[in-house]
Amino acid sequence: MIKVEKRNGLIVDFDGEKIVNAISKAMAETEIGIDEEIARQIADKSYETFSNLDVVHIEKIQDFVEVQLMKTRPDVAKKYILYRDERARLRKYGWVMSDLQRDIYEKKYRFEIETFDEFLTRVSGGNSFIKKAIKDKKFMPAGRILAGRGLDKHGRKMTLSNCYVMPKVEDNIESIFDTAKYMARTYSYGGGVGLTLSKLRPKGARVNNAASTTTGAVSFMDLYSLVTGLIGMRGRRGALMLNLDCDHPDIEDFIDVKNDLSRVKYANISVNITDKFMEAVIDDKEFELYFKVEATGEEIRKIIRARDLFRKLAKNNWNMAEPGMLFTNRINSWHLMSEDETFEFAGVNPCAEETLPAFGSCNLSSINLSEFVRNPFTPRAEFEFERFGEMVREGVIFLNEVLDENMKLHPLPQQREMAKELRQIGLGIMGVADMFIKLGIRYGNQESIDLIHQIGKVLVNEALRQSALLAKEQGPFPRYREEAILKSPFLISNANDDVLELINKYGLRNSQLLTIPPTGSISTLIGCSNGLEPIFQISYTRKSESLHHEDTYYKVFTPIVKEYMDRNNITREEDLPGFFVTTSNLNYRDRIEVQAAWQQYIDASISSTVNVPNEFTIEEVEDLYLYAWEKGLKGVTIYRDGCARDGILIPNKSNLTNAEKIEKLQRELEEIVQEQLKEDPDTCPMCGGELIHSGGCSECQDCGYSPCSI
């Protein structure tokens with residue numbers, strides 16, 4: 001076998017498929033199109049030509065391919081040469097970026113003056129496979145890894161975990177305020193927080209202190225929101241999820257709390273919904289709200305009509321886009337640890353894609369599915385299952401590397417211990433909508449659902465396979481209990497026989513493997529659709545000021561739409577084929593079907609907001625949530641275009657595009673941060689310590705806070 005020397009000096013086996021793929025990509029951009037026979041002939045001829053050498057440099061192979069294309073397909077040769085030039089530019093300068101992408105890269109993730117290659121080396125940790133996958137936009141670590149990996153060497157205290165869940169708040173004053181302290185420390189290291197309030201006694205319950213009765217679980221939401229505002233509004237903005245069980249006597253106040261715009265401004269809220277409640281809704285039965293105060297023995301009961309509470313939930317979602325719904329029976333039954341009676345989830349992270357135990361955390365990264373489509377936008381387009389499976393395995397390896405590196409970087413010792421004991425990771429996906437468009441498949445139709453099941457089966461099995469192989473080398477996660485894991489319905493339903501055999505033999509290195517995060521910044525950074533969501537819109541209007549200081553408006557197409565139109569010489573969006581669907585014209589049940597199909601293969605959860613049009617009714621909201629529960633989702637919420645929340649957040653909504661709304665909010669928040677720092681530039685806003693000014697910025701030597709941090 002011929003060996004190939006890559007540009008970084010790495011020696012690998014000759015792979016003719018890579019030549020075929022590169023030529024096919026160039027052919028796809030020509031009028032004649034792809035001729036795979038010619039591509040394979042050139043690949044075979046390359047092997048024969050260099051077969052007398054032990055090692056050949058990659059540049060020599062590419063030079064040879066170039067010459068062969070000039071002889072057979074000059075039109076392709078031109079595209080191939082441009083492709084090589086683009087790759088050379090990419091290695092030196094990075095991707096071609098829009099202003100927004102450049103802003104994300106420069107302001108959020110690039111460290112000081114590091115080059116693009118140095119950025120890739122840092123975030124990949126020197127993992128050459130991952131470095132190339134990031135460069136090729138096939139894989140992207142989550143924001144905490146991009147922003148913080150390797151910076152502990154420079155004295156930066158920053159976790160590589162995006163999210164944490166605190167223990168359920170116990171029903172005593174010490175636990176209530178210990179939780180606030182834990183949250184503040186976690187925010188100072190850049191992590192978001194999820195918190196369950198269901199153990200707190202309801203309003204009016206007796207307390208054995210001067211107050212006589214408590215103000216209730218809902219009253220403490222303001223405390224935790226305030227902590228998030230005080231700490232998280234500086235540097236990286238904090239993220240908080242508060243949730244409450246549907247049978248808690250304070251649940252109605254909880255649902256309504258954010259109708260008061262002065263309260264709980266820095267948190268998202270969700271309700272933990274049980275099957276018992278949903279069945280009562282369907283049967284139009286009464287439902288008991290119940291709480292027993294352990295300290296006093298007092299029992300608090302309230303009987304309500306289930307449909308009334310469900311209508312309140314739906315109406316608030318319709319009007320204010322909160323609270324979301326978390327379906328707890330599905331959450332607790334569909335994961336690898338479901339049969340382990342020693343394990344319990346304490347809540348979900350701020351975007352609800354991570355179900356986690358007390359002090360649990362997760363490192364996240366996502367695979368861009370759209371980059372695994374071969375011959376995109378053509379009748380011969382197909383998904384590359386084998387290469388995708390390889391990416392899944394390498395992604396699991398990478399996240400385990402990050403997990404080990406992050407052990408010492410968690411804000412709290414309890415978080416470090418939990419990460420060590422359970423070794424939870426979160427490998428996710430993005431670019432789902434773009435993938436469907438490249439394949440010519442309509443998002444949400446049966447063909448798309450069938451494809452999800454094919455991809456999902458590869459995703460879960462290759463992730464389990466690699467975790468078992470890591471367990472073979474390094475041992476299973478410390479709290480691994482074979483008898484419990486092997487009884488998991490999630491595992492039994494999804495694992496192939498050969499994968500089950502590996503797990504039987506070696507165990508698993510990780511107690512949690514897969515998730516689907518929202519991927520907001522990272523999907524924007526590489527220009528693909530986010531998470532599993534459909535594309536938001538075909539085009540939008542951008543404003544630009546001319547040389548004569550007059551506003552001019554022009555149409556900008558979503559990246560995948562622009563790419564399709566350019567390849568097919570289309571100039572009007574009216575001429576786009578029917579598989580171009582957006583959040584505004586996608587049936588909400590089809591959107592639920594897509595999420596339900598993915599949830600089959602995801603042991604954690606899925607961040608999910610179903611965008612619906614302004615004319616969407618409260619009755620339709622109710623149907624959406626019922627259907628989501630029936631289809632086995634773990635959680636979902638909606639955002640109705642033009643709802644009251646939209647008007648509150650963005651004045652003069654009709655005059656702003658969605659991109660402008662986001663930019664406006666970012667500017668306003670940045671102004672708040674700067675004003676707060678101006679008030680006392682020498683005092684740390686996190687812990688009150690002294691800020692040390694150096695290197696063009698400042699840093700607190702006590703807690704690691706920096707106004708330059710993310």
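In this predicted model, Arg481 is partly exposed, with a relative accessibility of 26%, and its side chain meets that of Glu483 in a salt bridge whose N to O distance is 3.2 Å. Glu483 likewise counts as partly exposed, at 45% relative accessibility. A search of the whole structure finds 51 salt bridges, and several others are described here.

A salt bridge also joins Arg591 to Glu533, with the closest N and O atoms 3.2 Å apart. Because Arg591 lies in helix 24 (residues 588–599) and Glu533 in the loop between helix 22 (520–526) and strand 19 (539–545), the pair ties together parts that are 58 residues apart in sequence. Both ends of this pair fall under the limit of 20% relative accessible area that defines a buried residue: Arg591 is buried at 2%, and Glu533 is buried at 10%. Salt bridges with shared partners furthermore connect Arg7, Glu59, Asp63, Glu66 and Arg84 in one network.

In the salt bridge between Arg307 and Asp284, the closest N and O atoms are 3.9 Å apart. This pair links distant parts of the chain, since Arg307 belongs to helix 13 (residues 306–320), whereas Asp284 sits in the loop between helix 12 (275–283) and strand 9 (286–292), 23 residues away. Arg307 is partly exposed, with a relative accessibility of 34%, and Asp284 is also partly exposed, with a relative accessible area of 34%.

An open sheet is formed by 3 strands, arranged in the order 2-1-3 and with mixed pairing. The edges are held by strand 2 (11–13) and strand 3 (55–57), each of which has a single partner strand, so one side of each is left without a neighbour in the sheet. On average, and with direction ignored, neighbouring strands of this sheet are turned by 35° against each other. Strand 1 (residues 3–5) pairs with strand 3 in the parallel sense over 3 bridges, and Glu5 has His57, in strand 3, as its bridge partner. Helix 3 (residues 58–72) packs on the sheet, where it touches strand 1 and strand 3, and the direction of helix 3 makes about 65° with that of strand 3.

Helix 7 (residues 128–135) contains the buried residues Ile130, Ala133, Ile134 and Lys135. The packing partners of the buried residues of helix 7 are helix 4 (74–93), helix 6 (116–124), strand 4 (139–141) and helix 15 (385–406). At the N-terminal end, helix 7 is capped by Asn127, a side-chain oxygen of which lies 3.2 Å from the backbone nitrogen of Phe129. Just after helix 7, Lys137 adopts a positive phi of about 65°.

Taken as a whole, the protein has 27 helices and 24 strands. Of its 710 residues, 54% count as buried, and the protein exposes about 30,800 Å², of which carbon and sulfur atoms supply 48%. Among the contacts in the protein with a separation of 6 or more, 71% are accounted for by residues 24 or more positions apart.

Note on methods
Residues numbered from 1 in each chain as written. Predicted model: local features only at pLDDT ≥ 70, side-chain atom pairs only at ≥ 80, totals over all residues. Heavy atoms only, no water. Salt bridge = Lys/Arg side-chain N within 4 Å of Asp/Glu carboxyl O. Helix = DSSP H or I, 4+ residues; strand = E, 2+ residues; numbered from the N terminus. Buried < 20%, exposed > 50% of the residue type's maximum accessible area, 1.4 Å probe, protein only. Pairing = 2+ DSSP bridges. Axes fitted to C-alpha atoms, helices over the stretch in contact; angles between N-to-C directions. Contact = heavy atoms within 4.5 Å. Polar contact = N/O pair within 3.5 Å; in protein donor to acceptor, adjacent residues only side chain to side chain. Areas by Shrake-Rupley, 256 points an atom, 1.4 Å probe, with all protein chains shown as cover.
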